[in-house]
Amino acid sequence: MVKNEKVILYDVDRQYDDMIASKCDHALAADGKYAHCQGCFGCWTKHPAECFMKDKLQQVCRIIGQANELVIVTENLYGGYSAAVKNVLDRAIGSSTPFSTYRGKQMHHTLRYGKHDLLKVVVYGDITEAEKNTFRYLVERNAINEGHARSEVVFIEDLAELEGVL
Amino acid sequence: MKTVLINCSPKKRFCASQYFLFLQKLFTGGKKVSEKLRNQADHARILDQLKDAQTVVFCLPLYVDGVPSHVLRFMEEMETFCRQNDIHLNVYCIANNGFIEGRQNEPLMQIIENFCSRAGLIWGGGVGIGGGVMLNVTRIVFEIQIGLLVLNTVLSVIQTGVLFPKDLWIDFGENALTLLFFNLGALFYFALMGAAIRKGSYLGKKYTRILIPSFIFILFADIFFIIISLFEGGIFRGWLAKKEPAN
């Protein structure tokens, strides 16, 4: 299994593709050209770690699951991920298993690929203070849920700052 | 007063959100319109219903600590629609997740609250429910019990001529009360939300769960997934394996 891999999931314009690709082992463009999760749990119970929908996200949980460092670049939407990024994350729940365990004193699913190091989220776009607080809380929860040892949220005012924070 | 209740589950059937909205409607007065939000084709129809409504109730599952992506797309469109048409609805939310702790719905609640601020809507609060999937199973079990009661009553009439066999009805009553107990936390807060909707008041964020101990819940959840995976075949296809991407 490939570990210690840095994966960047991003929703910024395709003009940033080359720069982002140079900063990681695997770049995932959230371009919105795929279906949303149907909530069937088939990626747990029928075809493990694989979605029944045959599009480019069919095995995305295997890429995200193996990332030791996951960096998400997203536009702010109400203090959470953009719909395009959230779509990819929703389709990636096969990185965990249907079995339950306790992490952070709360119930979560066990991890198919084990624990990870860093979850870093870079947020751009118009954002209020309340939304910033929600985002910090959300990423903290995501890190526990997905088994990341550390998490970090960076708010940038301009995409010109993006290369410097990746 | 018109309330639009939106089932935001992407599932076609057997979804917990449908069950919770059914219960919420029992406690909600005035005109009630039920809508289903599964994809973009539903947007225009639901937005049309909002034009003359006073209240909207989102009922949705928790996905990766937040709002499912297809609901986010609708919220973006609803924000624009409400601003353009000067609509200022009261917004309530029923969130459910498969874990035992209802409080795990907190980030989702905050996102809906932030959406209300952006769209000029009035955030009325919500109910976050833990063990939503299992509560939905209690509904299915209850329906099966009613079916068995009817069947056994018919057999009793045919065989003995007794319409109300005492033991049968006592067993049914005991089972029904047990299932009702599991749901009491959710029912209590649905009643409070119904009152808040009637008054147009702020409910706050309330968290509850299926009323069984955590260790029993986890045991049943694991058994549930083992059985489903056995029937669907996943258990024979590298159920817990660290699978590699195809390319």
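Just after helix 4 of chain B, Gly120(B) adopts a positive phi of about 75°. The model is a predicted one, in which local features need pLDDT of at least 70, side-chain atom pairs count only at pLDDT 80 or more, and totals for chains, interfaces and linings use all residues. Residues are numbered from 1 along each chain as its sequence is written, and side-chain values use heavy atoms, with hydrogens and water left out.

Helix 4 of chain B (residues 106–119) has 14 residues that should span 20 Å at 1.5 Å a residue, and its end C-alpha atoms, 20 Å apart, agree with this; the expected span is 1.5 Å times one less than the number of residues. Helices here are DSSP runs (H or I, at least four residues), as are strands (E, at least two), numbered from the N terminus. Helix 4 of chain B is mostly covered, with 12 of its 14 residues buried (under 20% relative accessible area, 1.4 Å probe, protein chains only). Among the buried residues are Leu108(B), Ile111(B), Phe115(B) and Arg118(B). The partners of this buried set include helix 5 (129–146) of chain A and, within chain B, helix 3 (69–84) and strand 5 (122–130).

Elsewhere in chain B, the axes of helix 1 (residues 16–26) and helix 6 (residues 166–199) come within 9 Å and cross at roughly 55°. The contact (heavy atoms within 4.5 Å) involves Tyr19(B), Phe20(B), Leu23(B) and Gln24(B) of helix 1 of chain B, and residues of helix 6 of chain B including Leu187(B), Phe190(B) and Ile197(B).

Technical notes. Chains lettered and ligands numbered in written order. Axes fitted to C-alpha atoms, helices over the stretch in contact; angles between N-to-C directions. Buried < 20%, exposed > 50% of the residue type's maximum accessible area, 1.4 Å probe, protein only.
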